[in-house]
Amino acid sequence: MPAAVPATRVQAHYDSVKKLGQWTESRRFEVRVRRGSAVLDLRSPHIEDGDIEIDVALDHSMLKLLVPEDADVDHWDLRYTGRGRVKDWTGHNGEGRRIRITGEMRHAEIRVHRGGIATLSAMFSREYVKDVRRAHKDGTFPTVDDPTRVS
C-alpha cells in the first residue's frame, strides 16, 4: 500500500497568511489559525484530481477559501465551540469538485468566495500587485487573479 501523501500545512498565529495563485499541487491541507487570518486559493488546475480535504483548527480567526463557481463545499463534520459559522454568499453548492472541511472552530468563521468574487478577493491583495509587476517585467500574464491562466 503506498504511503499517504503528506498534507500541506498552513499556519497563522497572530498573523495574516495568503496562499494565492498556483501555490500548491496538494489536495490535503491542515490549517491552524489563532487570532489571525488565512486565505487559501483552491482554484488552481495544478491541484491533483479528486476531493480536496481541509482539516482546520481555528481559534478567534477567519479562513477565506477561494473556490471555483461550481465547487461543492461540505462542512458537515466541522465542530463549533462558541460562535462561528461558514459564510457562503451564494448559499448553494455546485456539481464540481468536492471540498470537505473537518476539524474545529472556536469563535471563528470560514468565508467561501466563488467565481468572480474569488477573483476580486485575489485582485485586492499585495500578492496580485507583485504578480502583475512580475508578469509585466517577464512579458507574461499574471496568474494570481486567475490560476487557470497559463503565465
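Trainee: Which residue does D59 form a salt bridge with, and how far apart are the closest N and O atoms?
Mentor: D59 pairs with R34, and the closest N and O atoms are 3.1 Å apart. Keep in mind that this is a predicted model.

Trainee: Where do D59 and R34 lie?
Mentor: D59 is in strand β5, residues 52-59, and R34 is in strand β3, residues 28-34. The pair therefore ties together parts that are 25 residues apart in sequence.

Trainee: Is D59 buried or exposed?
Mentor: D59 counts as buried, because its relative accessibility is 11% and the cut-off for buried is under 20%.

Trainee: And what about R34?
Mentor: R34 is partly exposed, at 37% relative accessible area.

Trainee: Which residues are joined into one network with D59?
Mentor: R34 and R106 are joined with D59, through salt bridges that share partners.

Trainee: How many salt bridges are there by this rule?
Mentor: The count comes to 17.

Trainee: What does D49 meet in a salt bridge?
Mentor: The side chain of D49 meets that of R97, at 4.0 Å from N to O. D49 sits in the loop between β4 (37-41) and β5, while R97 sits in the loop between β8 (78-88) and β9 (98-114). These are distant parts of the chain, 48 residues apart.

Trainee: Are those two buried or exposed?
Mentor: D49 is exposed, with a relative accessible area of 72%. R97 is partly exposed, at 24%.

Trainee: Now D88. What is its salt-bridge partner?
Mentor: R114 is the partner of D88, with the closest N and O atoms 2.7 Å apart. D88 belongs to strand β8 and R114 to strand β9, so this pair also links distant parts of the chain, 26 residues apart.

Trainee: Is R114 buried or exposed?
Mentor: R114 is buried, with a relative accessible area of 4%.

Trainee: Change of topic. Where is T24?
Mentor: T24 is in the loop between β2 (16-19) and β3.

Trainee: Buried or exposed, that T24?
Mentor: T24 counts as buried, at 11% relative accessibility.

Trainee: What does the side chain of T24 reach?
Mentor: The T24 side chain reaches the backbone nitrogen of S26, at 3.0 Å.

Trainee: Leaving aside neighbours within four places in sequence, which residues is T24 in contact with?
Mentor: With those neighbours left out, T24 is in contact with T8, F29, S44, H46 and I47.

Technical notes
Residues are numbered from 1 along each chain as its sequence is written. This is a predicted model: local features need pLDDT of at least 70, side-chain atom pairs count only at pLDDT 80 or more; totals for chains, interfaces and linings use all residues. Side-chain values use heavy atoms; hydrogens and water are left out. Helices (H or I, at least four residues) and strands (E, at least two) are DSSP runs, numbered from the N terminus. Buried means under 20% relative accessible area, exposed over 50%, partly exposed in between (1.4 Å probe, protein chains only). A polar contact is a pair of N or O atoms within 3.5 Å; within protein, one must be able to donate a hydrogen and the other to accept it, and residues adjacent in sequence count only if both atoms are side-chain atoms. Contact means heavy atoms within 4.5 Å.
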